[in-house]
There are 2 protein chains.
Amino acid sequence: MAELQASMRIRAEELFRTLQEEITSALEVLDGSGTKFFRETWERQHGGGGITMVLAEGNVFEKAGVNFSAVHGDAPDSLNDASVPLQFFATGISLVLHPRSPKIPTVHANFRYFEQSDGASWFGGGTDITPYYLDVEDAVHFHQTLKTACDKHDLTYYPRFKTWCDEYFFIRHRNESRGIGGIFFDHLSAENPAESDQLFAFVADAARAFLPAYMPIVERHKDESYTEAERHWQLLRRGRYVEFNLVYDRGTRFGLETNGRTESILMSLPAVARWEYDVHPAPGSPEAALEEVLRHSREWVRQ
Amino acid sequence: MAELQASMRIRAEELFRTLQEEITSALEVLDGSGTKFFRETWERQHGGGGITMVLAEGNVFEKAGVNFSAVHGDAPDSLNDASVPLQFFATGISLVLHPRSPKIPTVHANFRYFEQSDGASWFGGGTDITPYYLDVEDAVHFHQTLKTACDKHDLTYYPRFKTWCDEYFFIRHRNESRGIGGIFFDHLSAENPAESDQLFAFVADAARAFLPAYMPIVERHKDESYTEAERHWQLLRRGRYVEFNLVYDRGTRFGLETNGRTESILMSLPAVARWEYDVHPAPGSPEAALEEVLRHSREWVRQ
């Protein structure tokens with residue numbers, strides 16, 4: 001592979017590895033329980049490896065997983081119809097945080113760099129929140145923080161990536177979104193070294209916007225009380241989160257199908273989830289208000 | 001469609017509808033709580049309908065769903081590459097019972113008849129159990145009851161359908177079976193009216209073997225006590241059940257992809273499930289013994 005790309009591999013890997021440390025350190029402080037992330041370093045049989053970090057049964061976080069990986073090897077058959085077998089390199093950070101309180105949204109973020117031996121390379125990523133109760137101020141703050149990070153690089157990014165996020169995190173069999181979105185992008189490629197630097201700078205800024213986008217939402221709600229009924233609703237909604245991840249999420253399905261590290265992939269699933277037959281919240285309730293916003297995506301910030 | 005097949009449609013539909021009544025009545029008695037199945041009759045927008053029956057929060061059963069359907073219409077695109085659009089008719093019964101006690105296995109059964117307007121028709125089905133703690137006597141009883149029903153019709157059925165079951169209910173990304181099996185068969189077709197009658201008689205006997213195969217297992221364990229730790233293990237194992245159903249089960253995925261009735265399809269999911277990072281039971285524990293049998297399928301009855 002070209003020197004430019006080798007250099008990007010190193011820069012991307014370093015960015016994501018550093019972010020894993022920054023994010024887990026900040027989350028430990030935010031959790032406030034003194035519980036530390038459990039850290040497991042693993043190797044991939046066919047090349048590379050990763051570091052899986054998990055915090056369970058904290059004060060704020062019932063289950064939080066932050067995974068870093070940098071893997072390489074033969075590209076899976078699904079990408080591999082060329083006569084010369086493709087090689088790939090992929091590095092990324094992926095996290096899902098499931099707070100215990102139904103007043104705090106679950107959040108997901110993933111940023112990644114992918115490169116093939118035929119010269120193709122791209123970035124993908126994004127972050128999105130899944131509230132159990134809608135708080136418009138939270139939604140606006142989350143989206144505004146991401147928009148500010150996007151706007152610094154390209155004014156078309158936020159509107160494109162916000163729409164992409166709404167389309168991607170959609171649970172077709174429920175006809176509803178997983179949550180209230182954020183940004184999502186994939187296959188962002190650069191045409192030349194200057195563009196490549198700009199793209200990297202954007203991905204770094206978007207990834208660094210995760211903590212300022214999410215942490216104030218946790219701070220606002222972490223000391224709020226909640227009822228058993230609210231907790232019950234959260235567990236039912238978490239069932240939908242499981243449905244999205246196992247039925248639709250491309251990263252999850254690709255990982256499971258290509259013999260990825262199951263424990264690191266399924267770290268995204270909540271500690272507890274519930275399913276009941278045909279539940280419908282009472283009209284006019286806060287639960288019904290959440291369902292309404294999941295069925296009709298909104299613009300949270302002025303474009 | 002030919003008269004023979006029209007007649008088989010009626011016979012199969014009647015069999016499965018009657019079975020739904022027989023099974024739910026027996027389960028209500030077995031549950032012993034006085035709780036009755038909630039019954040919802042539904043219509044399918046594009047033809048036919050069904051009856052979904054759910055018992056939640058019983059004495060024995062934390063969540064039990066028994067679904068009957070008889071639907072018809074245009075075959076989905078995945079089956080439909082002919083120039084004349086195929087029509088289909090499908091009827092079946094499908095059930096999943098999740099007992100509250102970790103000492104009682106979860107059980108699944110499904111029997112179905114499928115017919116296409118090009119003349120093709122077949123039966124499919126089976127039943128399998130998923131224990132949380134291995135009880136060899138239960139396993140032998142379940143398999144022996146099914147083998148007896150199979151042997152009455154064809155001595156090759158049980159060995160073929162037992163192996164098919166082990167292969168089908170396999171969670172590849174965990175490298176383990178969903179449970180300890182039973183029987184599974186699909187695309188069983190008849191060549192002539194006499195064979196068709198024989199096939200129907202076999203399916204009816206296999207489906208009628210469900211209650212005698214499962215009920216004595218419930219009876220044996222329903223008054224056993226269990227610990228919080230055993231309940232916790234059950235919820236973790238139920239997470240694997242969710243993984244199988246959402247990632248691999250063809251009926252579930254086909255239903256979700258073809259705009260099936262989501263609530264009836266996902267009735268199979270447990271009331272509560274748990275996921276934790278990288279759990280391994282202590283060597284020599286009953287939990288480890290279960291994992292061992294899920295990794296290496298056994299012959300439970302003499303062939």
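Visitor: Which residue of β10(B) stands opposite A:V272?
Guide: In this predicted model, β10 of chain A and β10 of chain B, the latter covering residues 272-274, pair across the two chains in the antiparallel sense over three bridges. Within that pairing, the residue of β10(B) that stands opposite A:V272 is B:R274.

Visitor: Which element gives the most to the side of chain A that touches chain B?
Guide: The contact between the chains takes 24 residues from chain A and 24 residues from chain B. On the side of chain A, at least two residues each come from β2 (48-56), α6 (228-247), α8 (262-265) and β10 (272-274). The element that gives the most there, with four residues, is α6(A).

Visitor: How do the residues of that side of chain A divide by class?
Guide: The side in question comprises the 24 residues that chain A brings to the contact. Sorted by class, these residues divide into six charged, three polar and 15 nonpolar.

Visitor: Which strands of the open sheet in chain B stand at the edges, and why is one side of each left without a neighbour?
Guide: Seven strands of chain B form this open sheet with antiparallel pairing, in the order β1-β2-β3-β4-β5-β6-β9. Each strand at an edge has a single partner strand, so one side of it is left without a neighbour in the sheet. The strands in that position are β1 (38-43) and β9 (182-188) of chain B.

Visitor: What does the twist of that sheet average from one strand to the next?
Guide: The sheet concerned is the open one of chain B, in which seven strands are paired in the antiparallel sense. From one strand to the next, its twist averages 10°.

Visitor: Which residue in the turn between β1(B) and β2(B) has a positive phi?
Guide: β1(B) pairs with β2 of chain B, residues 48-56, in the antiparallel sense over six bridges, and within this pairing B:W42 stands opposite B:G50. The two strands form a hairpin with four residues between them, and the turn residue with a positive phi, of about 135°, is B:G47.

Visitor: What is the phi of B:E57 in the turn between β2(B) and β3(B)?
Guide: β2(B) also pairs with β3 of chain B, residues 61-74, in the antiparallel sense over nine bridges, and the bridge partner of B:V54 in β3(B) is B:G65. These strands form a hairpin with four residues between them, and in its turn B:E57 has a positive phi of about 60°.

Visitor: Which residue of β9(B) is the bridge partner of B:F123?
Guide: Strand β6 of chain B, residues 121-130, pairs with β9(B) in the antiparallel sense over five bridges. In β9(B), the bridge partner of B:F123 is B:L188.

Visitor: How many residues of β6 in chain A are buried?
Guide: Strand β6(A) pairs in the antiparallel sense with β5 of chain A, residues 106-116, over 10 bridges, and with β9 of chain A, residues 182-188, over five bridges. Examples of facing residues are A:F111, whose bridge partner in β6(A) is A:G125, and A:G126, which stands opposite A:F184 in β9(A). Strand β6(A), residues 121-130, is mostly covered, and of its 10 residues the number buried is eight.

Visitor: What is the orientation of α2(A) and α5(A) to each other?
Guide: Helix α2 (residues 136-151) and helix α5 (residues 210-221) of chain A pack with their axes 8 Å apart, at an angle of about 165°. Angles over 145 degrees count as roughly antiparallel, and the two helices are therefore described as roughly antiparallel.

Visitor: In which hand does α2(A) pass α5(A)?
Guide: The contact between these helices is made by residues including A:F142 and A:L146 of α2(A) and A:Y214 and A:I217 of α5(A). By class, its residues divide into seven nonpolar, two polar and one charged. The crossing in which α2(A) passes α5(A) is right-handed.

Visitor: What is the orientation of α2(A) to α3(A)?
Guide: α2(A) and helix α3 of chain A, residues 157-168, pack at an angle of about 130° with their axes 8 Å apart. That angle makes the orientation of α2(A) to α3(A) oblique.

Methods
Residues numbered from 1 in each chain as written. Chains lettered and ligands numbered in written order. Predicted model: local features only at pLDDT ≥ 70, side-chain atom pairs only at ≥ 80, totals over all residues. Pairing = 2+ DSSP bridges. Axes fitted to C-alpha atoms, helices over the stretch in contact; angles between N-to-C directions. Buried ≥ 20, exposed ≤ 12 C-beta atoms within 10 Å, placed from the backbone. Parallel < 35°, antiparallel > 145°, perpendicular 65-115°, else oblique. Left-handed = near helix turned anticlockwise from the far one by under 90°. Contact = placed C-beta atoms within 7 Å. Nonpolar A, V, L, I, M, F, W, Y, C, P; charged D, E, K, R; others polar.
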